[in-house]
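Q: I have a protein model open and would like to learn how to read it. Could you walk me through some of its features?

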Amino acid sequence: MKSETGRSFYIHTFGCQMNQADSSIITAILMDGGYVVAGSEEQADIVILNTCAVRENAVERISHHLQFLRGAKRRNRSLLVGVAGCVPQHLKREMLEMFPVVDFLAGPDTYRNLPLLIRDAVEGKRPAALDFRIEETYGGIEPFGEVGVGAFVPVMRGCNNMCAFCVVPFTRGRERSQPFSAVMDEVRRIVAGGYREITLLGQNVNSYADLEGGKDFASLLRAVSLEAPGCRIRFTTSHPKDISPDLVDAIAESPNICSHVHLPVQSGSTRVLERMNRGHGIDEYLETVALLRSRIPGVSLTTDIIAGFCGEEDEDHEATLTLLRKVRYDTAFMFYYSPRSGTAAWKTLEDTVPLAVKKRRLQEIIDLQLLISAECLQNSVGSVVEVLAESESRRSPEQLMGRTETNRAVVFDRGEARPGDMVRVQVLKASSATLTGVNKGVLPAF
Ligand code: SF4
């Protein structure tokens with residue numbers, strides 16, 4: 001389908017939920033500018049790669065895709081290729097030299113300029129909009145293109161924390177929060193749209209601060225929970241140092257705020273955490289875990305771990321394994337450290353751990369965590385859990401897939417249930433990552 005600009009677009013999204021939410025914002029901006037969504041990448045006049053720079057192989061992954069688009073451009077000379085998000089923000093205009101196939105670049109704060117950038121790209125100017133705009137929160141833009149039973153609401157952007165290994169402060173800029181009223185407007189729109197789950201997003205979501213009304217994240221969470229009583233409320237990613245007792249109380253008090261906290265620890269060693277500039281030691285972290293566990297019975301904790309950070313010794317690695325045994329996370333994202341250019345660690349710390357050692361330590365962490373995850377899943381066999389049905393299972397149209405409040409995937413017989421229903425499911429079996437159960441009936445809304 002062609003639009004009044006005569007052009008259609010397709011967005012290929014890499015990375016995290018924040019990038020998925022940003023793709024919905026980009027879609028809304030381009031539609032407002034007279035462009036339309038193409039049915040597939042092959043049919044599009046403009047292809048935009050919305051990229052993530054957090055992992056080491058981010059550039060390789062998009063370069064592979066750009067390679068493919070080079071072939072497509074040979075067949076269709078008017079095809080425009082844009083790269084948005086963290087990778088161009090990180091690599092700057094150098095990206096245009098690295099990849100001649102790219103026609104325009106847009107950093108995370110410049111999406112409102114996209115219609116203009118595309119116009120310049122049509123004229124062959126190869127524009128790059130990569131400035132930081134501290135006031136940009138994309139307030140007033142109604143995201144377009146959410147699918148499924150849940151919707152994302154970015155409530156803050158950027159990060160002020162400067163963890164030594166992380167590129168986010170350099171690709172997403174300084175922290176800024178959506179005004180409280182704008183978040184609530186968005187929540188009302190989502191509720192009216194019939195969604196059953198709302199995920200509040202931010203690089204450091206629990207440092208949310210509404211400048212107008214002085215609301216912090218705990219107040220925001222309570223307000224969203226009351227405004228959307230028929231929805232499950234989730235949030236990510238939280239920083240352990242910003243988990244306040246009031247925030248824990250807000251989760252404990254509100255029946256529709258999920259009992260799941262992603263609490264990235266990165267290392268079990270205080271010495272390494274200091275080098276990482278995480279702003280807390282292991283004792284404070286364990287106090288936060290104890291507070292969450294005491295106030296929210298059955299709370300699910302998940303985490304991120306980096307193996308082999310600069311200066312990590314065997315005893316630090318042992319401390320990470322000890323922490324895993326102590327906290328018993330439901331799941332974890334686990335990686336070995338690789339320096340990212342521009343970060344504090346890249347500038348000032350020596351990457352001392354040999355690759356083979358990093359890989360061995362990572363494997364030990366993965367092996368242990370997989371064992372713990374399997375035990376956690378096994379413990380739920382026999383129990384009855386509340387599952388928000390999301391979609392048809394990949395295995396069979398007779399089955400649905402959904403998630404528990406603690407974010408575990410569950411497959412169960414469809415019965416009368418449909419995606420969007422809250423279903424009581426008795427767990428019969430646990431595999432390495434999924435529970436299987438039997439449908440015990442659809443629940444009324446919260
Ligand atoms: S809190 Fe640390 S790891 Fe998280 S986005 Fe900010 S700098 Fe990166």
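This is a predicted model: local features need pLDDT of at least 70, side-chain atom pairs count only at pLDDT 80 or more; totals for chains, interfaces and linings use all residues.

Q: Which residue does the side chain of E197 meet in a salt bridge?

A: For a salt bridge, look for a side-chain nitrogen of Lys or Arg within 4 Å of a carboxyl oxygen of Asp or Glu. Here the partner of E197 is R234, at 3.4 Å from N to O. E197 sits in strand β10 and R234 in strand β11, so the pair ties together parts that are 37 residues apart in sequence. R234 is buried too, at 9% relative accessibility.

Q: How many salt bridges does the count come to?

A: The count comes to 26. One of them joins the side chains of D109 and R176, with 3.0 Å from N to O. D109 belongs to the loop between β5 and α5, and R176 to strand β9, so this pair links parts 67 residues apart in sequence. D109 is buried at 2% relative accessibility, and R176 is buried at 7%.

Q: Is the pair D246 and R222 buried or partly exposed?

A: D246 is partly exposed, with a relative accessible area of 32%, and R222 is partly exposed at 23%. Their closest N and O atoms are 3.0 Å apart. With D246 in helix α9 and R222 in helix α8, the pair ties together parts that are 24 residues apart in sequence. Salt bridges can also share partners: E312, D314, R360, R361 and E364 are joined into one network that way.

Q: Now the strands. In what order do the three strands of the open sheet run?

A: Read a sheet by asking who pairs with whom. The order is β12-β13-β14, with parallel pairing. β12 and β14 are the edge strands, each pairing on one side only. Neighbouring strands of this sheet are turned by 10° against each other on average, direction ignored. Helix α14 packs on the sheet and touches β13 and β14; its direction makes about 175° with that of β14. Between β12 and β13 there are three bridges, and H260 has S300 as its bridge partner in β13.

Q: Why is strand β7 called largely enclosed?

A: Four of its five residues are buried, so the rest of the structure largely encloses β7.

Q: What should I look for in the backbone itself?

A: Most residues other than glycine have a negative phi, and most peptide bonds are trans. K92 has a positive phi of about 60°; its place is the loop between α3 and α4. N277, in the loop between α10 and α11, also has a positive phi, near 60°. The peptide bond from T236 to T237 is cis, with omega near 0°, and T237 lies in the loop between β11 and α9.

Q: Which residues make the nonpolar surface patch?

A: M31, V37 and F144 make a patch of about 250 Å². V37, in strand β2, is partly exposed at 42% relative accessibility.

Q: And where is H65 found?

A: H65 is found in helix α2 and is buried, with a relative accessible area of 14%. Leaving aside neighbours within four places in sequence, H65 is in contact with H12, F14, E41 and L49.

Key. Residues are numbered from 1 along each chain as its sequence is written. Side-chain values use heavy atoms; hydrogens and water are left out. Two strands pair if DSSP finds at least two bridges between them. Helices (H or I, at least four residues) and strands (E, at least two) are DSSP runs, numbered from the N terminus. Axes are lines fitted to C-alpha atoms, for helices over the stretch in contact, and angles run from 0 to 180 degrees between N-to-C directions. Contact means heavy atoms within 4.5 Å. Patches are made of residues with over 30% relative accessible area and no salt bridge: like charges are joined within 9 Å, nonpolar side chains (Val, Leu, Ile, Met, Phe, Trp, Tyr) within 5 Å. Accessible areas come from the Shrake-Rupley method with a 1.4 Å probe; for residues, only the protein chains shown count as cover. Buried means under 20% relative accessible area, exposed over 50%, partly exposed in between (1.4 Å probe, protein chains only).
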